[in-house]
Number of protein chains: 2
Amino acid sequence: MHMYVVEKLGEDWIFLVLLGITMALLSWTMDYASSKSLQVYKWMYSELRGNVALQYLVWIAYPMMLIIFASLFCQMVAPQSVGSGIPEMKTILRGVMLKEYLTVKAFVAKVIGLTAALGSGMPLGKEGPFVHIASICAVMVSKLMSTISGVYQNPYCYTDILTVGCAVGVGCCFGSPLGGVLFSIEVTSAYFAVRNYWRGYFAATFSAFIFRCLSVFNKDAVTITALFRTNFRMDFPFDLQELPAFAIIGISCGFLGAFFVYLNRQVVLLMRRQNTLTSFLTRHRFVYPGVVTFLVASLTFPPGFGQFFAGELMPRESVNSLFDNFTWSKIWNSPVPPGLGKSAAWLHPDVNVFVILLLFFIMKFWMSAVSTTMPIPSGAFIPVFILGATFGRLVGEIMATLFPSGILFDGIVYQILPGGYAVIGAAALTGAVTHTVSTAVICFELTGQISHILPMMVAVILANMVAQGLQPSLYDSIIQVKK
Amino acid sequence: MHMYVVEKLGEDWIFLVLLGITMALLSWTMDYASSKSLQVYKWMYSELRGNVALQYLVWIAYPMMLIIFASLFCQMVAPQSVGSGIPEMKTILRGVMLKEYLTVKAFVAKVIGLTAALGSGMPLGKEGPFVHIASICAVMVSKLMSTISGVYQNPYCYTDILTVGCAVGVGCCFGSPLGGVLFSIEVTSAYFAVRNYWRGYFAATFSAFIFRCLSVFNKDAVTITALFRTNFRMDFPFDLQELPAFAIIGISCGFLGAFFVYLNRQVVLLMRRQNTLTSFLTRHRFVYPGVVTFLVASLTFPPGFGQFFAGELMPRESVNSLFDNFTWSKIWNSPVPPGLGKSAAWLHPDVNVFVILLLFFIMKFWMSAVSTTMPIPSGAFIPVFILGATFGRLVGEIMATLFPSGILFDGIVYQILPGGYAVIGAAALTGAVTHTVSTAVICFELTGQISHILPMMVAVILANMVAQGLQPSLYDSIIQVKK
């Protein structure tokens, strides 16, 4: 009996390690391909400097091409691969079998479609589809193992395999194993077996580890650090008197998150209604994503309207710049300090930085809500994360203007750190939209700093309390609509 | 129906908030009282400088007095209050009712006994008993609410109340809400309702928040920071080439953790055997704790043998000094650098720092294993944490001696940070002894730094793999012995 258990456990380790390696390689390859695609996009755009008409053509044609390709490819290969994937996994884990949802076809369509979508620079995320991909991968690896060894006859049931798949999916998507496990638990389950927590933790850590090592060996990163590394001062990161501001961020994010879910559902319902327009769109599936991409790309065109809301920034660049250590309202209209980097996009010589942040927030809000309804593999996590960071940054910059010399308490001057507010806003808004509290953990792992832990957890809880009272989570909303 | 749900939820918030506040106040008061007790102890000892005999008398009499008091008090008021509490809570949550385990009497005995035990400076922890205290508190608060309002007729069942109690217990014990929730899930449950994760998270955050605010208002701390704050450099905290060393820490901690559990069980079994000695001890219950305390205090007496293994350091002081930023093997036998503080205890003019660390580890290892078998409220978490930190520090100092000028990789010199090794060792050994992986999360929250996340998670997983193969967890071992 003991040997039997050891043998099963042994096989389970192999399964978890194999799953971890596969997903890490896949995640890294997709990141690599999509970042190269974005480089090409930016390179073409910058090479055409001087000719605005051609620049505009490139700026809109490149994402349109990729998005329409993704849409058609998914339509042809596997229509199940469209959308996020988390709502469907939630349904499956509740015991409802969705037809042909965990097939190789869906896998291929989702991987190719998602890479194209991410490479377009549109406000789309990676993490929802990645949960789907990882789940298919988990099923495939477990089938492979039972084929090869013959002994591996599922010591764990189907849901156990899928639960670990979800955890690895979120975990290696951002290289945040712990947050990944917790997020996948919160999002997909109502009751949870602690042994799966353990297995998910193991597989996700292994996966995240390989994922980060790949970046080191590829010289993208110097060491295995966080994705959106922050560098806030550690000694006095914030003062208790800033807490009301953090609470306001939390409560506002609750309302905003609920509104995002509402808006997203309204767009989907609008597209569902039977009329001439929608029946036309159903026949020509590429038209809708094409029009949306055209609109979004036109508005963000940097020499045009895009200059007023940092339109040139790609999703990851915006997060990095929103989390930086500068106080933009102070350096606006003064010589550019060294090391500002991409954050320079937020400083327009004629327009106030508050206006730019507000415009960015409003424009990206509806763009994200609409973009995630396109019939391509796309997640909403990162777009919402960016919105939250923008909102937090806005509050932080306002605070920094209200208290330009910092807050004096007990003989110590606490400088306001708008970047810290941005991190808290990002955690709160993603928490509100997804109805989870583990977004706080994902934030720590993404930024590599835990100094804002308590205000962040308070903000996430407040955001959840408000949002849970107003709307279902984004994933539940999609499940309801699809029924 | 909707109103009904809202009403229940409303009452549940009140329950969680009340529980959080109560436990935070209790935790803080106990910390305050025990730290004052330790101050008195140290003050008496230092005032008698020059008279070694009197110093020795104070050094052994003070802890003996407190431990014997705790032992007798618990014996008289509620014998159930003896020991950790986590094994018993695990048994209760599995559905076995233990007689008179969650009573007011047990509460009073545990609070008073634990405060005395912590104030003695013996290698004893707070977190196991605190889980017990918080669970009683949760039951009391829920009873109180149903008495007052009459409406609050348990929307959640008994186990739901206790699960949240456990989470709050660990969470506000160290001010680590997230790790607290996860640790309590891992330790107590096999299947877990996600709604309790949410409720535990809420209550534990609230509790930790109040706990930390109390410290700020009492001027113990300047702002709500971590308990054992570290200040490692953020830019290049470690290099990939240090990973083998981290893996060695993890695997060794697995073996050491299993040995700790084995040793602890052997001591308990020895005391259980029927012979003249044990029947004498059963009649005179204070003799055993008295003798153990006498032995431990005599050996740690700083002017005596204690000088060779930093005997003067109280538990929390040792953790703080083990996590510091200095490399002791480098500053040993050179002028004391500024800001060394309590860490000076580790540097003996005539004895090598490695010998001191090794002696400390060996002596404290058996002392901790024996002390936690005394019939008083006591946990093993912090003693094991200290042992792990010592072991990690030892490996770190050896690494720093092997690579005195750091590791060169890709043009960047990575200095070895022995303090980082200590953090990893602490997480790995506590993980091995308790068979949990969430000790890594508790470590992040305790130190306030997440820079070592990946190596720490790898070390914790390796330690768990080894330890789970060799021995049951400390809590399961106690359950087995008590059966």
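This is a predicted model: local features need pLDDT of at least 70, side-chain atom pairs count only at pLDDT 80 or more; totals for chains, interfaces and linings use all residues.
**Domains of chain A**

I started with the spacing of the two domains in chain A: their centres, taken over C-alpha atoms, sit 24 Å apart. The assignment gives domain 1 as 2-217 and domain 2 as 240-482; such bounds come from an automatic or database domain assignment. I then looked up who takes part in the contact (heavy atoms within 4.5 Å). Domain 1 of chain A puts in 55 residues and domain 2 of chain A puts in 49.

Residues are numbered from 1 along each chain as its sequence is written, chains are lettered from A and ligands numbered from 1 in the order in which they are written, and side-chain values use heavy atoms, with hydrogens and water left out.

**Cavities**

Next I went looking for empty space. Rolling a probe the size of a water molecule over the atoms shows where such space is left. My working definition of a cavity: on a 1 Å grid over the protein atoms alone, a set of points where a 1.4 Å probe fits but cannot get out, with lining residues having an atom within 4 Å of a point. Grid points are joined across faces, edges and corners, and the volume is the space filled by probe spheres set on the points.

I got nine cavities of 30 Å³ or more. Where does the largest cavity lie? Both domain 1 (2-217) and domain 2 (240-482) of chain B give residues to its lining, so it lies between them.

In chain B, helix 2 (52-77), helix 11 (287-300), helix 12 (315-322), helix 14 (353-371) and helix 15 (381-402) each supply at least two lining residues. Helices here are DSSP runs (H or I, at least four residues), numbered from the N terminus. By type, the lining splits into 13 nonpolar, six polar and one charged residue. For that count, Ala, Val, Leu, Ile, Met, Phe, Trp, Tyr, Cys and Pro are nonpolar, Asp, Glu, Lys and Arg are charged, and the others, Gly among them, are polar.

**His435, both chains**

Most residues other than glycine have a negative phi. A:His435 has a positive one, near 55°, and B:His435 also has phi near 55°. A:His435 is in the loop between helix 16 (418-434) and helix 17 of chain A; B:His435 is in the loop between helix 16 (418-434) and helix 17 (439-447) of chain B. Buried or exposed? A:His435 counts as buried at 16% relative accessibility, and B:His435 does at 17%. The scale: buried is under 20% relative accessible area, exposed over 50%, partly exposed in between (1.4 Å probe, protein chains only).

**A:Thr439**

I found A:Thr439 in helix 17 (residues 439-447) of chain A, buried at 1% relative accessible area. A polar atom of the A:Thr439 side chain lies 3.1 Å from the backbone oxygen of A:Ala427. Beyond four places in sequence, the contacts of A:Thr439 include A:Phe183, A:Phe381 and A:Val460.

**A:Phe69**

A:Phe69 is in helix 2 (residues 52-77) of chain A and is partly exposed at 40%. Not counting residues up to four places away, A:Phe69 touches A:Ile112 and A:Ala116.

Methods: On a 1 Å grid over the protein atoms alone, a cavity is a set of points where a 1.4 Å probe fits but cannot get out, and a pocket is an open set with protein on both sides within 12 Å along at least five of seven lines; lining residues have an atom within 4 Å of a point. A polar contact is a pair of N or O atoms within 3.5 Å; within protein, one must be able to donate a hydrogen and the other to accept it, and residues adjacent in sequence count only if both atoms are side-chain atoms.
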